[in-house]
Amino acid sequence: MTKLTGKQIAAERLTGWVLLAGGLRTRIHSGDFATGLALANAIGRAAEEMNHHPDLDLRYAHLDVRLSSHDVNGVTERDVRLARTISGLVADAGLA
C-alpha cells in the first residue's frame, strides 16, 4: 500500500474525519456508554472482515476512532475504505 498525501486524503472528502498526527481521526457522539459499546463492536466486526484495525477509545458519551497503516506510518486506501465503512455504521446507528 502507498501512503497518501494530505491532498489525496482531502480529495476523498471524508465527512467528519480529519488528518491529524499521521492518521485519520473522528469523534462519534454516542450519548451513552451502551450505544458507544455497540458501535465499537460493529466497528470491530467490520475491521475484522477488512483485516485492518482501528484504534478505538470508548468514553461514556463518545467514541474516538483513529485509523492509520503502520506499515507505511500514515494513511492508505485501506484507511479510507474503513473510514467510509465506519461512517456508514455511524449513520445506520443514527449517530454523528
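Predicted model: local features only at pLDDT ≥ 70, side-chain atom pairs only at ≥ 80, totals over all residues.
**Entry 1: strands**

I began with strand 1, residues 18-20, and strand 2, residues 23-29. They pair in the antiparallel sense over three bridges. I looked up Leu19 and found Leu24 of strand 2 as its bridge partner. The hairpin of these two strands has two residues between them, and Ala21 there takes a positive phi near 55°.

I then followed strand 2 to strand 4, residues 62-67. This pairing is also antiparallel and runs over six bridges. Leu24 turns up again here, standing opposite Leu67 in strand 4.

**Entry 2: the nonpolar core**

Which residues have the most contacts inside the largest nonpolar core? I noted Trp17, Leu24, Ile28, Val65, Leu67 and Ile86, in a core of 19 residues. Strand 2, helix 2 (33-50), strand 4 and helix 3 (77-92) each give two or more residues to this core. Helix 3 gives the most, with five residues. As background, nonpolar side chains tend to be buried together in soluble globular proteins.

Leaving out residues up to four places away in sequence, Val65 touches Trp17, Leu24, Arg25, Thr26, Ile28, Ile43, Pro54, Asp55, Leu56 and Ile86.

**Entry 3: helix 3**

I checked the span of helix 3, which has 16 residues. From first C-alpha to last it reaches 23 Å, close to the 22 Å expected at 1.5 Å a residue. I listed its buried residues as Arg78, Asp79, Val80, Leu82, Ala83, Ile86 and Val90. Their cover includes strand 2, helix 2 and strand 4. Just after the helix, I noted that Gly94 takes a positive phi of about 75°.

**Entry 4: Ser68**

Ser68 is in the loop between strand 4 and helix 3. Is Ser68 buried or exposed? Its relative accessibility is 9%, so I put it down as buried, the cut-off being under 20%. Its side chain makes a polar contact with the side chain of Arg66 at 3.0 Å. Not counting residues up to four places away in sequence, Ser68 touches Gly22, Gly23, His52, Gly74 and Asp79.

**Entry 5: salt bridges**

How many salt bridges does the structure hold? I found five, and looked up some of them.

Arg84 forms one with Glu12, with the closest N and O atoms 2.7 Å apart. Arg84 lies in helix 3 and Glu12 in the loop between helix 1 (6-11) and strand 1, so the pair ties together parts that are 72 residues apart in sequence. Arg84 is partly exposed at 41% relative accessibility, and Glu12 is partly exposed at 23%.

Arg66, the polar partner of Ser68, also meets Asp55 in a salt bridge, 3.9 Å from N to O. This pair links Arg66 in strand 4 with Asp55 in strand 3 (residues 55-58), 11 residues apart. Arg66 counts as buried because its relative accessibility is 17%, whereas Asp55, at 38%, is partly exposed.

I also looked up Arg59 and Asp57, whose closest N and O atoms are 2.8 Å apart in a salt bridge. Arg59 is partly exposed at 45% relative accessibility, and Asp57 is partly exposed at 29%.

Definitions and conventions: Residues numbered from 1 in each chain as written. Heavy atoms only, no water. Pairing = 2+ DSSP bridges. Helix = DSSP H or I, 4+ residues; strand = E, 2+ residues; numbered from the N terminus. Core = buried A, V, L, I, M, F, W, Y, C linked by side-chain atoms within 4.5 Å. Buried < 20%, exposed > 50% of the residue type's maximum accessible area, 1.4 Å probe, protein only. Contact = heavy atoms within 4.5 Å. Polar contact = N/O pair within 3.5 Å; in protein donor to acceptor, adjacent residues only side chain to side chain. Expected span 1.5 Å × (residues − 1). Salt bridge = Lys/Arg side-chain N within 4 Å of Asp/Glu carboxyl O.
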